Amino acid sequence: LIKVDDIDESIEYIDTIHRESKGWITKAEINKNKEFSQWHYLVGDLLKQDFDKENIYISMSTFYKPMRRIETIKEIGSLFIDLDTYNTQFTKTQILMNLEENYFNRSIPIPNLIIDSGRGLTLVWSIEKVPHKALPLWKAVQEYLYSRLKEFGADRKALDVTRILRVPGSINSKSGTRVTILEKYEYKYTLREIQSEFLPDLDENRPKKKGRPKKVVYIHRERSLYQGRI
């Protein structure tokens, strides 16, 4: 098991999501009085911010001006699904083992990041950045991922392109735990690649591409101990 400190996790996450981003990125915080605040940074300045705090979020997309609105989207660089695992009958470990055995690289692509967000899990797929005009295709792929993962607690309300998600290295005040990267997959998809390989309107009987190397970095997860025992 590799120990990754909290600061490095925040930097690693931002680098994975926003490497070479040109637009404004939103950083948000919910303080102890449940007041919501947000700020906007270019990626270089965002990396200098403090994430070792409670309830810190960043936007998954970037904006052409410092305003988090769908009409100001500049770049879309990821797909993501929030799993509210506490709304299911399964544990996080059971869900992850099921996904690895029956879903990843079968009905859905392998996520680039699997994150323990505190009470749930977040799956993130890193894609080559696309502009606002690709939003209809992006939405279609998001909906597809949701349809495959809703039995595991996928949050229907967390599919929008302006979504902010918790940053690894920060603290979830609801669970009292730190947001942590569990697994990392070293590959960058394209939106068209995911569409052609996984969306159901194509021929499901044609062979899947198997050329991608499975470079999964196991960071620190209880599940790996169970698998070792098995």
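I first looked up the confidence of this predicted model: pLDDT (the predictor's confidence in each residue, from 0 to 100) averages 89 over the chain, and 84% of the residues score at least 70. Over residues 218–226 the pLDDT is below 50, yet beyond near neighbours in sequence this stretch has 27 contacts (heavy atoms within 4.5 Å) in the model.

I noted the conventions. Residues are numbered from 1 along each chain as its sequence is written, and side-chain values use heavy atoms, without hydrogens and water. Local features need pLDDT of at least 70 and side-chain atom pairs pLDDT 80 or more, whereas totals for chains, interfaces and linings use all residues.

I then looked up the secondary structure: six helices and 12 strands, taken as DSSP runs (H or I, at least four residues; E, at least two) numbered from the N terminus. Of the 230 residues, 51% are buried, that is, under 20% relative accessible area with a 1.4 Å probe, protein chains only.

Next I examined helix H5 (residues 191–198), where Leu191, Glu193, Ile194, Glu197 and Phe198 are buried. These residues lie on the same side of H5 because they cover an arc of only 160° around the axis, taken from the directions from the helix axis to the C-beta atoms. The buried residues of H5 pack against strand E5 (73–83), strand E7 (121–130) and helix H4 (135–149).

How values were computed
Buried < 20%, exposed > 50% of the residue type's maximum accessible area, 1.4 Å probe, protein only.
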